[in-house]
Number of protein chains: 2
Amino acid sequence: MGVFMEIAVLIFDNVNALDVVGPCEVLSKIPNSVIKYASKEPGPKQTDIAVKLVIEYNLEQIQKADILLIPGGSGVKSVTYDRDVLDWIIDKHKTSTWTVSVCTGAILLGSAGILKGLKATTHWTCLQKLADFGAMPQKERVVVDGKVITCAGVSAGIDMALILTSLIAGETTAKAIQLAIEYDPAPPFGVGSPDKAPKEIIDLVIRKLEAHK
Amino acid sequence: MGVFMEIAVLIFDNVNALDVVGPCEVLSKIPNSVIKYASKEPGPKQTDIAVKLVIEYNLEQIQKADILLIPGGSGVKSVTYDRDVLDWIIDKHKTSTWTVSVCTGAILLGSAGILKGLKATTHWTCLQKLADFGAMPQKERVVVDGKVITCAGVSAGIDMALILTSLIAGETTAKAIQLAIEYDPAPPFGVGSPDKAPKEIIDLVIRKLEAHK
């Protein structure tokens, strides 16, 4: 059986590595799927964890994106006004089966006009910004609205991808992938969302992120 | 303040991407830390998710590894008899503050003789193999035995790294990093460990992994 599902992942300098790798670790295991990572200019692309990803495809080489995956990261701000990238997102979204974002990848979907009138989410530090794009910000980990799926910050991409896998390939496949990556999370602290974290931890994260701007 | 903690990550072809990126997404955020990815021969290294990582350091260039991080993946079997790599692990382990593995990275620690007499864990499909190295296999997500930390499959590296961060930099820093990556996991199914998954899902994963051997 040949490939029947192509997954296109937009990559840019200073993309968040876990935004990419979390969901791709899940989606790459869907039978008969292939992942293509594409950027405006191919070559090595820096991530937030001091390792570069080798990107082989330019945007024009992506013929088809059954799943269009847009990750986030500090590099989002450098592409959010890049008309070529936004036009590519709009174009691929027209024919995608699913258009999904992780973390601040939602800002790019918003900038491309895709979130207008939709329920959506993103990293908690910029959730309200989604309203600027005409979206309805949701305090949820994964939001499915029609064919657009957005999720919360960074690690939420794993949960999103498992949900997406169950929608595409059924629960049995999604469960097998979850077990294959032994995703039985046991975070040491109960502070992974702003609703659960004390104010001093929230303030600390906001100060760190501000310092990086 | 200069860098006070160097983190060395062993990379090899067909390393599991999430084994690397999960913990590095956490550890890279420890103040005054630097991560160096090293392989026997530098250059682009293939991962399991069809994207290559650009590795800049060879093993000899790693002077110091306060944290020695050994990921797993299908490529483990090609380095498990590589004397140069095992000797490097043994050498760096002598002076490391922490030696840690993710998933089947524990097989490499075992092959290097580091797990002898220690409690340890790895991906559930090869947990009992750790006994061959003189280790005491533990059905736990993260196992700390002295300065050696091992963890379960793939996604467990995130939990491991948060625990390690709290040991190195304190709970406040670990909590802030957990909130920064919004690690408030919500897996769609309760089947992430073999104790929780039905037999048909376990069998399906084992069959898939066998097919890849």
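Ground rules before I go on. I'm working with a predicted model, where local features need pLDDT of at least 70 and side-chain atom pairs count only at pLDDT 80 or more, while totals for chains, interfaces and linings use all residues. Residues are numbered from 1 along each chain as its sequence is written, chains are lettered from A and ligands numbered from 1 in the order in which they are written, and side-chain values use heavy atoms, with hydrogens and water left out. Helices (H or I, at least four residues) and strands (E, at least two) are DSSP runs, numbered from the N terminus.

**Entry: helix H3(A)**

I checked which residues of H3(A) are buried (under 20% relative accessible area; exposed is over 50%, partly exposed in between, with a 1.4 Å probe and protein chains only). I found A:Val85, A:Leu86, A:Trp88, A:Ile89, A:Lys92 and A:His93. Seen down the axis of H3(A), they fall within an arc of 155°, so they line one face of the helix. (The arc is that of the directions from the helix axis to the C-beta atoms.) On the other side, A:Lys94 and A:Thr95 are exposed. A handy reminder for me: an α-helix has 3.6 residues a turn, so residues three or four places apart point the same way.

Next I looked up contacts (heavy atoms within 4.5 Å). The buried residues of H3(A) pack against several elements of chain A, including strand E1 (5–10), helix H2 (76–79) and helix H4 (105–111).

**Entry: the seven-strand sheet in chain B**

I traced an open sheet of 7 strands in chain B, in the order E5-E2-E1-E6-E7-E11-E10, with mixed pairing. (Two strands pair if DSSP finds at least two bridges between them.) Strand E5 (57–58) and strand E10 (142–145) of chain B each have a single partner strand, so one side of each is left without a neighbour in the sheet. E10(B) runs antiparallel to strand E11 (residues 148–151) of chain B, joined by 4 bridges. I noted two of the facing residues: B:Val143 stands opposite B:Thr150, and B:Val142 has B:Cys151 as its bridge partner. Their hairpin has 2 residues between the strands, and B:Gly146 takes a positive phi near 65° there.

**Entry: where the two chains meet**

How do the copies relate? I superposed them (least squares on the C-alpha atoms of residues with pLDDT of at least 70 in both). Chain B goes onto chain A with an RMSD of 0.0 Å, by a turn of 180° and a shift of 0.0 Å along the axis. That is the relation of a two-fold axis. The same surface serves both copies, since 100% of the contact residues of chain B recur in chain A.

Of the residues of chain B, B:Leu53 comes closest to the rotation axis, at 2.4 Å (C-alpha). B:Leu53 is also the bridge partner of A:Leu53. I then saw that E4 (residues 52–55) of chain A and E4 (residues 52–55) of chain B pair antiparallel over 3 bridges.

One last stop was A:Ala176, in helix H6 (residues 171–180) of chain A. A:Ala176 is buried, with a relative accessible area of 9%. Not counting residues up to four places away in sequence, A:Ala176 touches B:Ile201, B:Leu204 and B:Val205.
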